[in-house]
Amino acid sequence: MSLSDSDVVLSVIVPVLNEAGVLPELLTELAVQCEQCQVGVEIIFVDGGSSDNSVGLIAASAFRVVVGPQGRARQMNFGAAAAAGSNLLFLHADTQLPDWAFSRVITALQSGVWGRFDVLIRGDAPMFKVIAWFMNWRSRLSGIATGDQGIFVREAAFIEAGGFPDQPLMEDIALSALLREREAPVCLRNKVETSGRRWQERGIWRTIILMWRLRYLYWRGVPAEQLVSRYD
């Protein structure tokens, strides 16, 4: 059933670029999440120019797909501009949500301005549990969230913050810092799951050291445009 703009309470925005491998599972999960939620939810996929069948898969579902400028920050801002909901949830395509996630977000934003979920890293490496534990507690103590944690925010606060800064890396950390100036995040202990595939491909310890170094350099003022070549 289609929703009118006035019926939409939560807009879920998913940037994609060649994500055909994970989309079938995600599309099924999002349909279940919409059924669980008692209020209007719209799903907006923002494609950044996929060369695989990502757009076709989404178009065959009940969800909306728009083509925007490439770059995760730009895609998410593009989706937010097209959203009808007064609440926004930004998801990575490889994220799996806990049950009743949309209802939990809406409830959290009735009293808070923004927030995120705890995270669990999928994979068979025992170190993933340790990494996720430190990620969650670092986020709780610092008031900074990453995109893997499913950032959610009231639309008005998102607009007031200027949206995601137009940069190729650390856009989630930059937005968190802006929102934190207004209010500490709501930290939901319900866990979203993110893939540990890239950690395993690059090497777990190598990835940990790389991320620490990139964040350190970013906080020291090194522009994200200079750091992205080291991340790739």
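Gln75 touches Pro15, Val16, Val46, Asp47, Gly48, Pro69 and Gln70, with residues up to four places away in sequence not counted. The model is predicted. Gln75 sits in helix α3, which spans residues 72–82. The relative accessibility of Gln75 is 4%. Buried means under 20%, so Gln75 counts as buried.

Two of the contacts of Gln75, Val46 and Asp47, fall within strand β2, residues 40–47. Strand β2 pairs with strand β3, which covers residues 64–67. The two strands run parallel and are joined by four bridges. Within this pair, Phe45 stands opposite Val65 of β3. Between the strands, the chain passes through helix α2, residues 54–59. This β-α-β crossover from β2 to β3 is right-handed.

The whole structure was also searched for cavities. One cavity of 30 Å³ or more was found. The volume of the largest cavity is about 30 Å³. Its lining consists of Met76, Phe90, His92, Gly147, Ile151, Phe164 and Asp172. Among these residues, Met76 lies in helix α3, the helix that also holds Gln75. By class, the lining of the largest cavity comprises four nonpolar residues, two polar residues and one charged residue. Met76, Phe90, Ile151 and Phe164 are the nonpolar members.

Key:
Residues numbered from 1 in each chain as written. Predicted model: local features only at pLDDT ≥ 70, side-chain atom pairs only at ≥ 80, totals over all residues. Heavy atoms only, no water. 1 Å grid on protein atoms, 1.4 Å probe; cavity = no way out; pocket = protein on both sides within 12 Å on 5 of 7 lines; lining within 4 Å. Points joined across faces, edges and corners; volume = space filled by probe spheres on them. Buried < 20%, exposed > 50% of the residue type's maximum accessible area, 1.4 Å probe, protein only. Contact = heavy atoms within 4.5 Å. Pairing = 2+ DSSP bridges. Right-handed = clockwise from strand over helix to strand, strands pointing away.
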